[in-house]
Amino acid sequence: MVKISDRLKTAASLIREGAVLADVGTDHGYLPCFMIKENMCKKALACDVAPLPLKSAEEHIRREGLSDRIGTVLSDGLDNVPQEGITDVVMAGMGGELIARLLEKCPWVKNGVNLVLQPMTKWDVLRKWLYDNGFEVKKELACTEGQFAYSVMQAVYTGKTPSHDCDDRYLQFGFVKPEGEGKEYIARQAKRIFVAGSGMMKSEDKKELGERLVKLAQSELDRL
């Protein structure tokens, strides 16, 4: 059995059964190998922008005996990924701004592709981009690893503005529910934005945003 982190397991849980998967920023190819070994998808492409990580993925895939079901593609995001047959795309372990940029230059992800996105930073930027560009977040799950907490989003293009508000609370916490690991995620996020907001309050041009973030953080911590 291929072992993967809890973060990647959470991402795997949002990939549709029987998917043909493109894993962008695959690193060692752990996620595609796990998905195939567990019969959770039909085929997969392991994609990376750098040759060395991709070579590592190729070696890992070969050792697992999965070369007939997992291909590799050297690609900046989805630039060189053939869209034919791809049903699900994972972008995990990179910044929210980068994820948004990669999606923006790949219009075919609007053709019913299931997106599984796990931003390491700038989660607010990614949520705002999805909201502004007609993508609906269907589900959002939290997971923790050591001192870090992450959210994983499942999104699909609808071409419509989502019905929910795109306010500070949504941008910082998304649809994560305050239960299980979600409670820990919200607590850590609240503490993080409290510190960030407190720093912003010292700057005249960011003071208003800082005050909003501090107030939001305090409100979320009080509700837990």
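A residue counts as buried when its relative accessible area is under 20%, as exposed when it is over 50%, and as partly exposed in between. All the views below show a predicted model.

**Figure 1. Confidence along the chain of the predicted model.** The protein chain has a mean pLDDT of 95, and 100% of its residues reach 70 or more. Confidence is highest in strand β5, residues 114-119, with a mean of 98. It is lowest in helix α3, where the mean is 94.

**Figure 2. The open sheet of seven strands.** Read across the sheet, the strands come in the order β3-β2-β1-β4-β5-β7-β6. Their pairing is mixed. The strands at the edges are β3 and β6 (residues 135-145), and each of them pairs on one side only. From one strand to the next, the twist averages 20°.

**Figure 3. Strand β5 and the way its side chains point.** How many of the six residues of β5 are buried? Six of the six are, and the strand is described as mostly covered. Asn114, Val116 and Gln118 point one way from β5, while Leu115, Leu117 and Pro119 point the other way. Both groups are buried.

**Figure 4. Strand β5 and the strands it pairs with.** Six bridges join β4 to β5, and these two strands run parallel. Within this pair, Ala92 stands opposite Gln118 of β5. Three bridges join β5 to β7 (residues 148-157), and here the strands run antiparallel. Val116 has Gln154 as its bridge partner in β7. Gln118 and Val116 both belong to the group that points one way from β5. β4 and β5 are also parts of a β-α-β unit, with helix α4 (residues 96-104) as the helix. This unit is right-handed.

**Figure 5. Strands β1 and β4.** Which way do β1 and β4 run relative to each other, parallel or antiparallel? They run parallel and are joined by four bridges. Leu21 has Asp88 as its bridge partner in β4.

**Figure 6. Helix α2 and its buried residues.** Helix α2 spans residues 30-37 and is mostly covered, with six of its eight residues buried. The buried ones are Leu31, Pro32, Cys33, Phe34, Met35 and Ile36. They pack against helices α1 (6-12) and α3 (51-63), and against strands β1 (19-24), β2 (41-48), β3 (70-74) and β4 (88-94). In an α-helix there are 3.6 residues a turn, so residues three or four places apart point the same way. Just after α2 comes Asn39, with a positive phi of about 55°.

Figure 7. α2 lies across β1, β2, β3 and β4. The helix runs at about 175° to β2. Helix α3 packs on the sheet too, where it touches β2 and β3. The direction of α3 makes about 170° with that of β3.

**Figure 8. Cysteines without a disulfide.** How many disulfides does a search of the whole structure find? The count is zero. Cys41 is in no disulfide, and the nearest cysteine sulfur, that of Cys33, is 10 Å away.

**Figure 9. Two loop residues with a positive phi.** Most residues other than glycine have a negative phi. Asp27, which is not glycine, has a positive phi near 60°. Asp27 is placed in the loop between β1 and α2. Its relative accessible area is 38%, so Asp27 is partly exposed. Lys122 also has a positive phi, near 50°. Lys122 is in the loop between β5 and α5 (123-132). At 41% relative accessibility, Lys122 counts as partly exposed.

**Figure 10. Arg188 in helix α7.** Arg188 is found in α7, which spans residues 181-200. Which residues does Arg188 contact, leaving aside its neighbours within four places in sequence? They are Thr144, Gly146, Gln147, Phe148 and Ala149. Glu136 lies 52 residues from Arg188 along the chain, and the C-alpha atoms of the two are separated by 25 Å.

Terms used: Residues are numbered from 1 along each chain as its sequence is written. This is a predicted model: local features need pLDDT of at least 70, side-chain atom pairs count only at pLDDT 80 or more; totals for chains, interfaces and linings use all residues. Side-chain values use heavy atoms; hydrogens and water are left out. Buried means under 20% relative accessible area, exposed over 50%, partly exposed in between (1.4 Å probe, protein chains only). Contact means heavy atoms within 4.5 Å. Two strands pair if DSSP finds at least two bridges between them. Axes are lines fitted to C-alpha atoms, for helices over the stretch in contact, and angles run from 0 to 180 degrees between N-to-C directions. pLDDT is the predictor's confidence in each residue, from 0 to 100. A crossover is right-handed if, with the strands pointing away from the viewer, the path from the first strand over the helix to the second runs clockwise. A disulfide is a pair of cysteine sulfur atoms within 2.5 Å.
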